[in-house]
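I wanted to know who pairs with whom, and how accessible each partner is.

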Amino acid sequence: MAREVTRQTVPATAQSLWQDDFNRMVRQFFGDSDASLAGAFSPALDVEENEDGFTLHVELPGVTPDQVDVSIEENVLTVAGQRDFYSDANADGFKRIERRFGRFHRAVRLPDRVDPEGIEAAYRDGLLTITVPKAESAKPRRIQVATA
């Protein structure tokens, strides 16, 4: 007994709606939900190293410096805070929310060769820049070769 298969063309708009729903379900299952208002998130972070130390760049658009807490404990640098939803808007009016809101938290283990007393943080245009100097004992130094 043979089965007959009929193919129907799915309009592009219906296909893209299905694809959006499928992508949303996959992200929800694996923890990257579109429900931006519902929980904590981790902001994007870049770490750069040079001879003098490390520089961390943390993306925090829409966050004011007083909403950010930077701390270090046992060589773990932590950036935490809160990004609030639009103060003049209601979530019900939005058709799509991709930005994340609520509590954020990011922790980075630093090498033992840093100077925790010299850490500085600066915020400008939505980018938090944290400089972590290396300890003097960890910096490369030139050793003079003596003649015998």
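Below are my notes on the salt bridges, pair by pair.

**Setting up.** I am working with a predicted model, where local features need pLDDT of at least 70, side-chain atom pairs count only at pLDDT 80 or more, and totals for chains, interfaces and linings use all residues. Residues are numbered from 1 along each chain as its sequence is written, and side-chain values use heavy atoms, with hydrogens and water left out.

**How many salt bridges are there?** I found three, taking a salt bridge as a side-chain nitrogen of Lys or Arg within 4 Å of a carboxyl oxygen of Asp or Glu.

**Arg113 and Glu49.** I looked up this pair and got 2.9 Å between the closest N and O atoms. It links distant parts of the chain, 64 residues apart: Arg113 is in the loop between β5 (102-109) and β6 (120-124), and Glu49 is in strand β1 (residues 45-49). I used strands as DSSP runs (E, at least two residues), numbered from the N terminus.

**Glu49 and Lys134.** Glu49 also forms a salt bridge with Lys134, at 2.9 Å from N to O. Here 85 residues separate strand β1's Glu49 from Lys134, in the segment after β7 (127-133). I noted that Glu49, Arg113 and Lys134 are linked in a network of salt bridges.

**Buried or exposed?** I call a residue buried under 20% relative accessible area, exposed over 50%, and partly exposed in between (1.4 Å probe, protein chains only). Lys134 is buried at 9%, while Arg113 is partly exposed at 35% and Glu49 is partly exposed at 46%.

**Asp125 and Arg124.** I then checked this salt bridge, with its closest N and O atoms 3.6 Å apart. Asp125 is exposed at 72%, and Arg124 is exposed at 65%.

How values were computed. Helix = DSSP H or I, 4+ residues; strand = E, 2+ residues; numbered from the N terminus.
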